[in-house]
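Subject: Structure handover

Hi,

Here is the structure I promised to pass on.

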Amino acid sequence: MREDPIVPAPATIDVDGWVCPMPLRDSPNIVMGHGGGGAMSGELIEHLFLPAFGPAADAGLGDSAVVTVGDTRLAFSTDSFVVKPRTFPGGSLGELAVNGTVNDLAMAGARPLVLSTAFILEEGTALSEIAAVAQAIGTAASAAGVTLVTGDTKVVDAGHGDGIFVNTTGIGIIDGDVDIRPQRARPGDIVLINGDIGVHGIAVMSCREGLEFGTTVLSDTAPLNGLVAAMLNSGADVHTLRDPTRGGVAATLNEIARAAGIGVSLDETALPVPAAVRDACGLLGLDPMYVANEGKLIAFVAPEDADRVLEAMRAHPLGAHAAVIGVCVEEHPGMVVARTALGGTRVVDLPAGEQLPRIC
């Protein structure tokens, strides 16, 4: 006798239970802040996606998932890219589509190997524009040492897209006993960054809005897997790596602090903020700590390994201006507190939404 299939109970979406720092909790629709990588993004995942996915979800919530196949550990990541405009000083949509996913894999300590590429194209988009994006993807993949192995193309009606959206998914191998994740950050760890912050967000905003700052700010988009390999080859035990993209340094440090249950004491004067970025942020009313980066990483390492890792970073072209920016502490767990130039302190909170939308 044929049995009726088991139908799962509908997911319960508790919108009333959301705790939102902005007066948007009663909105029945998506707003731009939900895609900003801040508190609103987290609430969307926690209160809508995870309940809807039910037991099928493995809620590791990292930029890369680590899965074990036989005796091999793999890092697996996917990302979609909707940057506007598609070309900006120092980079383009195609480069971001490769570098963003390569970097997510590298932040798990993996050697990126292969990528998929999926295109969502709007009817009427010039083939020359699509070719330029595709060529940039191929060039960036070769530079990062990854192979493009599969993909997909969809076309939507004119007026129902924005020209070209790209999704990339990547797989990498994690070697040996490498164990890099936010939960390994612990009190005493030294916090490092590999260079200037805020340049990507300002580069995109400058050409999007036609702003001039007296000098051209170039995006820092770059594949960070070579830099990470140099750090690991130093022999140091790197506890945590993250690339501070959407939400900038502030969002990344907050996410790590909350995941590990530790506090972060940040030296605001040690943050490498270029003069052009500082001036632009002052003009636009932005905080450089919340502005996106595409070629930066934040590392948490044990104090006895900090000098060794810093030396390895500075010996690599993408880490020449690496700096110590803070330390992990037992106090104020889950919070980031910055020491200011005036000798005071301020709480650096998780951003609610996004200062600069569609920057990746």
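Predicted model: local features only at pLDDT ≥ 70, side-chain atom pairs only at ≥ 80, totals over all residues.

One term to begin with: a residue is called buried when under 20% of its relative accessible area is left, exposed when that value is over 50%, and partly exposed in between, using a 1.4 Å probe and protein chains only.

Numbering starts from 1 along each chain as its sequence is written, and side-chain values use heavy atoms, with hydrogens and water left out.

The overall layout

The secondary structure comes to eight helices and 14 strands. Helices (H or I, at least four residues) and strands (E, at least two) are DSSP runs, numbered from the N terminus. I use contact for heavy atoms within 4.5 Å. Among contacts between residues at least 6 apart in sequence, 83% join residues at least 24 apart.

Two strands are said to pair if DSSP finds at least two bridges between them. Angles here run from 0 to 180 degrees between N-to-C directions, and axes are lines fitted to C-alpha atoms, for helices over the stretch in contact.

Inside this sheet, β2 (residues 72-81) and β7 (residues 164-174) pair in the antiparallel sense over nine bridges. If you want a spot to look at, D79 stands opposite T168 in β7.

The seven-stranded sheet

Another open sheet has seven strands, ordered β9-β11-β8-β12-β10-β13-β14, again with mixed pairing. Its edge strands, β9 (238-242) and β14 (345-347), each pair on one side only. The twist in this sheet averages 25° from one strand to the next.

Strand β12 (residues 323-329) pairs with β10 (residues 263-267) in the antiparallel sense over four bridges. In that pairing, G263 has V329 as its bridge partner, and S265 has V327. Strand β8 also pairs with β12 in the antiparallel sense, over four bridges, with V191 opposite G326. Five of the seven residues of β12 are buried, so this strand is largely enclosed by the rest of the structure.

Helix α6 (residues 248-260) packs on the sheet and touches β8 (190-193), β9, β10, β11 (298-301) and β13 (336-339), its direction making about 35° with that of β11. Helix α8 packs on the sheet as well, touching β8, β11 and β12, and its direction makes about 5° with that of β8.

Two helices that cross

Helix α8 (residues 306-314) also meets α5 (residues 225-233): their axes come within 8 Å and cross at roughly 145°. The residues that make this contact are L227, A230 and M231 of α5 together with V309, A312 and M313 of α8.

A mostly covered helix

Next is α4 (residues 199-209), where eight of the 11 residues are buried. Those eight are V199, H200, G201, I202, A203, V204, M205 and S206. Their cover includes β3 (87-88), α2 and α7 (275-284). Just after α4, G210 takes a positive phi of about 70°.

The cores

Last, the nonpolar cores, each being a set of buried Ala, Val, Leu, Ile, Met, Phe, Trp, Tyr and Cys residues joined through side-chain atoms within 4.5 Å. The largest has 59 residues, of which V98, I164, V166, I202, L253, L266 and F300 touch the most other members. Helix α3 (residues 127-144) gives the most to this core, with six residues. Leaving aside residues up to four places away in sequence, V98 touches L115, I137, A140, A141, A144 and V146. A second, separate core of 26 residues includes A106, L192, L297 and L310.

Best wishes
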